Amino acid sequence: MLTAWVEQAEKYHNGEINREDYDKWRYNYPKYDETSGYVKVPSQQFSDALVEAFEDRLKND
């Protein structure tokens, strides 16, 4: 995580990204971080609805 912050700061200081892009990344971390492997997961409510909808197809072991 810390290395991702350092990389973005270096890009900003080297002129590879502008202040707007840097702030977008910084204030929305980890949403725009491509190095962390961050994934968005469905809400528990959505997950429960899927389980309920497909529970007849689930194996009962």
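## Helix α1: length and faces

In this predicted model, the 13 residues of α1 should span 18 Å at 1.5 Å a residue, and the C-alpha atoms at its ends are 18 Å apart, which agrees. The buried residues of this helix are Ala4, Gln8 and Ala9. Seen down the axis of α1, these buried residues fall within an arc of 135 degrees, so they line one face of the helix. An α-helix has 3.6 residues a turn, so residues three or four places apart point the same way.

The face of α1 turned away from the buried side carries Leu2, Thr3, His13 and Asn14, which are exposed. The cover over the buried residues of α1 includes α2. Just after α1, Gly15 takes a positive phi of about 85 degrees.

Which residues of α2 are buried? They are Tyr22, Asp23 and Trp25. Viewed down the axis of α2, the buried residues fall within an arc of 160 degrees, so they too line one face of their helix. The buried residues of α2 pack against α1.

On the face of α2 turned away from its buried side, the exposed residues are Glu20 and Tyr27.

## Packing of α1 against α2

Helix α1 covers residues 2-14 and helix α2 covers residues 19-27. The two pack at an angle of about 170 degrees, and their axes are 10 Å apart. An angle over 145 degrees counts as roughly antiparallel, and α1 and α2 are therefore roughly antiparallel to each other. On the α1 side, the contact is made by Ala4, Trp5, Gln8, Ala9 and Tyr12; on the α2 side, it is made by Arg19, Tyr22, Trp25 and Arg26. By residue class, the contact of α1 with α2 divides into six nonpolar, one polar and two charged residues.

Gln8 is found in helix α1 and is buried, with a relative accessible area of 12%; the cut-off for a buried residue is under 20%. Leaving aside neighbours within four places in sequence, Gln8 is in contact with Ile17, Tyr22 and Trp25.

Trp25 lies in helix α2. With a relative accessible area of 5%, Trp25 is buried. Trp25 and Trp5 are 20 residues apart in sequence, and their C-alpha atoms are 9.3 Å apart in space.

## The chain as a whole

How many helices and strands does the protein chain have? There are three helices and zero strands, and the pattern read along the sequence is α-α-α. The protein chain has 61 residues, of which buried residues make up 13%.

Conventions:
Residues are numbered from 1 along each chain as its sequence is written. This is a predicted model: local features need pLDDT of at least 70, side-chain atom pairs count only at pLDDT 80 or more; totals for chains, interfaces and linings use all residues. Side-chain values use heavy atoms; hydrogens and water are left out. Axes are lines fitted to C-alpha atoms, for helices over the stretch in contact, and angles run from 0 to 180 degrees between N-to-C directions. Helices (H or I, at least four residues) and strands (E, at least two) are DSSP runs, numbered from the N terminus. Angles under 35 degrees count as roughly parallel, over 145 as roughly antiparallel, 65 to 115 as roughly perpendicular and the rest as oblique. Contact means heavy atoms within 4.5 Å. Ala, Val, Leu, Ile, Met, Phe, Trp, Tyr, Cys and Pro count as nonpolar, Asp, Glu, Lys and Arg as charged, and the others, Gly among them, as polar. The expected span of a helix is 1.5 Å times one less than its number of residues. Buried means under 20% relative accessible area, exposed over 50%, partly exposed in between (1.4 Å probe, protein chains only). The arc is that of the directions from the helix axis to the C-beta atoms.
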